[in-house]
Amino acid sequence: MKKIMFSGDLSIVQNGLAHLATKLGFEIASDGQEVQILHTGQELTIKKTQSEMRISFSEPAHFYRGLALLLNHWEDTEYHLQEKPNFKQIGPMVDTSRNAVPTVQKIKEILQSCSIMGLNQLMLYMEDTYEIPEYPYFGYLRGRYTFAELKEIDDYGFDLGIEVIPSIQVLGHLKNPLKWNFSREMRDTEDILLVDEPQTYAFLDKAIQAASRPFRTKKIHIGMDEAHTLGLGRYLQKNGFDNRFDIMNRHLAKVLEITDALQLEVEMWSDMYFRLGSKTGDYYDPDFEIPTEVVKNIPNVKMVYWDYYHHKESEYENLLTSHKLLEKPIVFAGGIWTWNGFAPNYGKSIVSTHAALAACKKQGIESIYATLWGDDGAEAPFDTALLGLQLFAEHQFNVSVSDELLAQRFEEIQGESMESFLLLDRFDQTPGVAPENPNASAISKIILYQDLLIGLYDETIAPFELTKHYEALASDLENAVYSQKTATLFEHYTRFAQLLVTKTDLGRKLRTAYVNTDTAAMRALLEPINKLKAQVEALRLGHRDIWFTANKAFGWEVLDIRYGGILSRIDTTVWRINNWLEHNQPIEELAATLLPFDGPYPMPEGIIIGRNLYHGIISPSKLSDV
């Protein structure tokens with residue numbers, strides 16, 4: 001434990017230092033080595049010589065980054081570093097709406113990590129995971145945050161120099177709360193609010209107050225993205241077909257009446273204006289057309305251009321130029337692909353981030369988010385994103401970021417190995433997938449969930465030596481270097497790789513044995529099937545430990561049910577095999593002729609392995625619904 005005596009103006013960093021002392025391994029002591037703190041309002045400068053140590057900075061989060069780097073070079077005789085920020089605000093968007101709702105303690109841990117990287121904002125994306133007292137079914141049994149919890153998060157972020165910003169939805173993406181009867185009169189479609197309905201705005205008034213009041217910031221993000229069927233449900237029944245640009249602008253104006261009364265500064269996702277201006281509904285359609293009158297009538301908001309798909313800097317530059325046609329301030333939101341499946345897609349994350357942030361620097365974008373979505377159940381733990389957050393941080397303080405620099409800073413600031421974290425990318429960067437996984441193939445998730453007997457993807461993956469791939473990955477994970485903080489995480493992924501070794505070819509082997517009436521081979525396969533059952537249960541238990549360390553309980557039941565489904569189907573598989581062996585009862589699934597998987601995500605020519613959501617992997621039959 002290093003003893004430090006800080007001198008200078010401690011007023012804006014004193015609380016943050018107390019929060020970070022344990023994480024960074026220092027204690028404040030009057031007999032410690034002196035570190036001068038100079039709040040100059042200029043770029044971050046670290047100077048260490050034999051006679052002095054000094055950190056000059058413009059804002060607290062930059063200071064904490066400087067302190068982390070200084071402590072890493074504590075034993076060096078001399079250390080000098082000067083870094084100039086490229087953006088006014090930069091930091092993660094944490095998705096709390098896809099089952100995983102991080103505990104307050106986990107959010108504090110994330111805030112600590114952000115601060116020592118020099119990130120100075122964090123957006124909490126809350127579709128229905130905040131409490132609206134007047135609407136008790138809003139966020140019911142979803143792990144929603146109370147006012148007190150959100151205030152505690154905001155206070156902690158403030159101490160660390162991080163602006164915590166609420167992000168809600170005021171139009172679409174509200175399927176969860178709109179399933180309750182309180183919303184019957186304010187639904188357009190199952191996930192979109194009914195524009196022009198008085199009850200809609202009475203609800204939004206309470207929602208916006210509830211989401212904004214716990215926070216110091218006057219900023220709020222109001223969503224309004226991906227409302228694909230806006231005006232085409234009950235609105236259409238009540239009013240007939242209306243110009244959908246007009247519906248958007250009219251609704252936005254009414255929402256801003258609420259936010260203006262609360263003196264809030266509003267951001268929204270920009271995509272609906274471009275989708276409505278595209279004949280195909282494509283956000284990134286270069287042939288979009290937004291009428292001049294529509295642009296003139298867009299109320300005063302910041303437009304958040306979200307894009308984590310393109311791999312070329314020129315593509316981002318073109319789309320940023322397109323956004324300028326909206327005549328509103330532009331914020332950019334990139335992404336760290338934690339929503340690819342069970343493992344992050346770092347190939348796509350890294351190449352898209354390099355391209356996007358290079359374009360943002362050239363075009364003077366001032367505010368940057370790194371989105372961390374949790375699509376389809378938040379199967380990948382949050383900490384898999386740490387390397388991605390470091391990448392965003394290095395783009396904040398460097399004109400360009402090499403692999404060598406990123407690896408160095410990741411080790412210096414977070415004590416982690418970039419090489420080890422990139423092993424996680426190999427779960428889905430497999431044979432049959434293009435370099436950098438541009439189409440977000442998620443074969444590890446597919447293999448885990450697909451049924452041994454039905455084998456929806458067996459014909460698709462058959463040409464590729466995936467078992468060998470996962471054998472090599474399991475071996476590399478067993479020998480990976482990581483910190484005590486991420487030991488549980490890497491143990492979890494080692495178990496996952498070992499499970500994939502067992503399961504990848506197992507369904508095809510069952511089919512071959514059955515078609516050839518090879519009873520000896522079928523009996524022999526009962527051993528790896530039983531091994532697989534034990535591996536699935538071990539993966540479930542390890543995943544459960546990770547979940548309950550980081551998240552509230554609500555939402556885990558979904559993953560428990562998914563794991564339970566795998567285990568139950570293994571039991572049925574063993575029962576069916578034994579009935580065939582002992583009583584010659586047919587196994588119809590294994591007799592069926594398989595086709596390559598087709599849909600719902602079309603893959604470009606030459607890209608064979610794709611992606612899917614849970615319900616589309618396990619069976620072609622309906623999981624639920626009418």
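Modeller: Helices here are DSSP runs of H or I with at least four residues, strands are runs of E with at least two, and both are numbered from the N terminus. This is a predicted model, in which local features need pLDDT of at least 70 and side-chain atom pairs count only at pLDDT 80 or more, while totals for chains, interfaces and linings use all residues. Residues are numbered from 1 along each chain as its sequence is written, and side-chain values use heavy atoms, with hydrogens and water left out.

Which residues of α11 are buried? They are Tyr 316, Leu 319, Leu 320, Ser 322 and His 323, where buried means under 20% relative accessible area, exposed over 50% and partly exposed in between, with a 1.4 Å probe and protein chains only. These residues lie on the same side of α11, because they cover an arc of only 155° around the axis; the arc is that of the directions from the helix axis to the C-beta atoms. Their cover includes the helices α9 (271-276) and α12 (346-362) as well as the strands β14 (302-306) and β15 (330-335).

β14 is joined to β13 by three bridges, and the two run parallel; strands count as paired if DSSP finds at least two bridges between them. Within this pairing, Glu 267 has Lys 302 of β14 as its bridge partner. Strand β13 (residues 265-269) is also joined by three bridges to strand β12 (residues 219-221), again running parallel. There, the bridge partner of His 221 in β13 is Glu 267. Four of the five residues of β13 are buried, so the strand is largely enclosed by the rest of the structure.

Strands of a sheet pair through backbone hydrogen bonds, either parallel or antiparallel.

Several of the pairings can be followed residue by residue. Strand β1 (residues 2-8) pairs with strand β3 (residues 33-39) in the parallel sense, over five bridges, and Ile 4 has Gln 33 of β3 as its bridge partner.

Strand β5 deserves a word of its own: four of its five residues are buried, and the strand is mostly covered. On one side, β3 and β5 pair in the parallel sense over four bridges, and the partner of Leu 38 in β5 is Ser 56. β4 and β5, by contrast, are joined by four bridges and run antiparallel. Ser 56 of β5 is the bridge partner of Thr 45. β4 and β5 form a hairpin with four residues between them.

Two loop residues may be set beside one another. Leu 141, in the loop between β8 (121-125) and α4 (147-159), has a phi near 55°, a positive value in a residue other than glycine. Leu 141 counts as exposed because its relative accessibility is 51%. Asn 437, in the loop between α15 (418-423) and α16 (443-449), likewise has a positive phi, near 45°, and is not glycine. At 1% relative accessibility, however, Asn 437 counts as buried.

Finally, the cysteines. With a disulfide taken as a pair of cysteine sulfur atoms within 2.5 Å, the count is zero. For Cys 114, the nearest cysteine sulfur is that of Cys 360, 18 Å away. Cys 114 counts as buried because its relative accessibility is 0%, and Cys 360 counts as buried at 1%.

Technical notes: Contact means heavy atoms within 4.5 Å.
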